[in-house]
Amino acid sequence: MSSFFLMLPFEFIYRILDHLDDEALIFSARNVCKRLNLILDTYYPYQVIRNIMIDSLFSDDESQILDALSEYQRIINQKSRQLDIQIITLDVVSRLVQLLTSENDKFQKKALRILLNVTGGSSKQTKYVVDAGTVPILIQLMQSPNEITQEDAIWMLSNIAGDNKNYRDFVLDHGILEPLLNVLSDDTCTLTMLEVATWCLSNLCRFDSPSVDFPKIPSIIPILSRLLQNNTDTRILRGVCYIIRKLIQQSNKLISTVIENSVIPRLIPSIIPILSRLLQNNTDTRILRGVCYIIRKLIQQSNKLISTVIENSVIPRLVTLLEHTVEVIRLSALTVIKEILGGNDQEKQMVLDDDGFLPHLSMLFDVDRTQINENLCDVIVNITAGTESQIQAVIDADIFPRMIQFLYLDADKIKERVACTIRNSTRFSSTQTEYFVGQGAIPLLFDLLRSSETKIIEIVLEGLQNILGWGVAESKQMQNSNPYTMLIKELNELDKVEELRSHRDNEVAARARHIIETYFDIR
């Protein structure tokens, strides 16, 4: 505003204001500057407008109240303009809240709509509404048989909860969640009502600290799942996805609940192809690492996703990433492949059918890095848990001798993986068993019996049972002694198995007795 205008006497400015209509006085003249505000406060027409509205609102005459509400509603609906704090005062808000409980349906609807617009304004105006005791009344109105009243009440509570963390908690403490979930569960709800209710629930999940009551989560997730499955409305879908994300951020334990309620199948068809494109078309290490992490976490939560990942041509790209110059990318690709190989035999085979996979895998055995070593061994364990031909692929790639070398580098963490590989690989044929025995499997297994971990001991005994069993078959065919029994006796290690007959774990003790009594005839 020009300094010339500010210097004009009050009377001159009054003359100028005389040419403004009521709306311009309320919205355009107010809050321009302090001096103009002082002049407005003494300007009679402005006082009349304000006082008439306030007097009418507080009148006992129903027609005057209705006129005042209509005027407030007309003024406040000018959403493009800032609401005049002089028009909506704390007293006015308190009166409007009082009218929310009126038996006059028109009073209730108009007062609710005005307050709804107030909570869509500044935090100061929202504070007026909360301080006037509106929240408990709104919770009751959520259960109104009138759909418009119900929708406006939910919308207003959403505005309040979205203003700040304290108001969000305040709304939750007054019991919004149960009636809100009832609305979201109602199959007869209109699309508009679902949109508002979804938005309200998303505001209850806002801010960093815990929001929605965790004991009630099991009842929330199925509702969100149904909304996700049965809707095409973008606002509802966006709101539901936001809510699920915020809930999972508060607790990873909720991931399993989300999956159990069939949320993932609705999301995956759109997610996996996007991840595949990102993997194919990017060289940025942060993107590659991030995509690998997401795919790995998805598979870890549900093996059913492996086939979807494979169908989107992810494997060839992962295989090429095994020779990436950056170690963390090699590790990221390897961990995803490990999870895929944890799937069924058909899914394992689709990885092995990639001509570059085993050669690239062999190259990684030259890298002395603990994390890569462990994941490499996990990959071999997963492959050998498959079919006879899949075990043969490991044998043909001459990978096992290189795997054994890891025992000297990081024995404690590799022991179980080596034991699993031997156990898995001696299940199907005497030929494959003979190969692993030739690679020193029996001395390795007895060495691993020194472990204090029951799980490792049990796996070792399973491996020994497999080997000795094939020895029996071979001895019958050759009409000779069991070659593997003789080898164990030559090692002078049988006492380790004998000692395990009194092991504290019943299954370990039973396996040890079976080996001693069946293959060495010791009672």
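**Entry 1. Helix α32.** I looked up what the buried residues of α32 pack against, and found α29 (430-438), α30 (441-448), α31 (454-478), α33 (494-499) and α34 (506-519). I take contact to mean heavy atoms within 4.5 Å. Buried means under 20% relative accessible area, exposed over 50%, and partly exposed in between (1.4 Å probe, protein chains only). Helices (H or I, at least four residues) and strands (E, at least two) are DSSP runs, numbered from the N terminus.

I note that the model is predicted: local features need pLDDT of at least 70, side-chain atom pairs count only at pLDDT 80 or more, and totals for chains, interfaces and linings use all residues. Residues are numbered from 1 along each chain as its sequence is written, and side-chain values use heavy atoms, with hydrogens and water left out.

Which residues of α32 are buried? In this helix, which spans residues 483-491, I found Y484, T485 and I488. They cover an arc of only 105° around the axis, which puts them on the same side of α32. The arc is that of the directions from the helix axis to the C-beta atoms. I kept one rule beside this entry: an α-helix has 3.6 residues a turn, so residues three or four places apart point the same way. On the face turned away from the buried side of α32, I found the exposed residues K489 and E490.

I then checked both ends of the helix. At the start of α32, the backbone nitrogen of Y484 has a side-chain oxygen of N482 within 3.0 Å. I list this under polar contacts (a pair of N or O atoms within 3.5 Å; within protein, one must be able to donate a hydrogen and the other to accept it, and residues adjacent in sequence count only if both atoms are side-chain atoms). Just after α32 comes N492, with a positive phi of about 60°, although N492 is not a glycine. N492 sits in the loop between α32 and α33, and is exposed at a relative accessible area of 65%.

**Entry 2. Another positive phi.** I looked up D398, a residue other than glycine whose phi is near 55°. D398 belongs to the loop between α26 (388-396) and α27. Its relative accessible area is 43%, so D398 is partly exposed.

**Entry 3. Aromatic rings.** How many aromatic pairs are there in the whole structure? My search gave two. Rings of Phe, Tyr and Trp (its six-membered ring) pair if their centres lie within 6.5 Å; planes under 30 degrees apart count as stacked, over 60 as edge-to-face and the rest as tilted. F400 and F436 have ring centres 4.8 Å apart and planes at 65°, so this pair is edge-to-face. The pair links distant parts of the chain, 36 residues apart: F400 is in α27 (residues 400-404) and F436 in α29. F400 counts as buried at 1% relative accessibility, and F436 is buried at 0%. Y435 and F436 are also edge-to-face, with 5.2 Å centre to centre and 90° between the planes. I wrote down F400, Y435 and F436 as one aromatic cluster.

**Entry 4. Cores.** A nonpolar core is a set of buried Ala, Val, Leu, Ile, Met, Phe, Trp, Tyr and Cys residues joined through side-chain atoms within 4.5 Å. In the largest one, of 84 residues, I found that I340 and F357 touch the most other members. Helix α31 gives the largest share of this core, eight residues. Leaving out residues up to four places away in sequence, I340 touches I299, I306, V309, I310, I315, L318, E347 and V351. Another core lies apart from it and has 63 residues, including A68, I137, L201 and C205.

**Entry 5. A residue in α14.** I looked up S202, which is in helix α14 (residues 191-204). S202 counts as buried, at 8% relative accessibility. Residues up to four places away aside, S202 touches G239, Y242 and I243.

**Entry 6. The record and the totals.**

For the protein I counted 34 helices and zero strands. Of its 523 residues, 50% count as buried. Among contacts between residues at least 6 apart in sequence, 68% join residues at least 24 apart.
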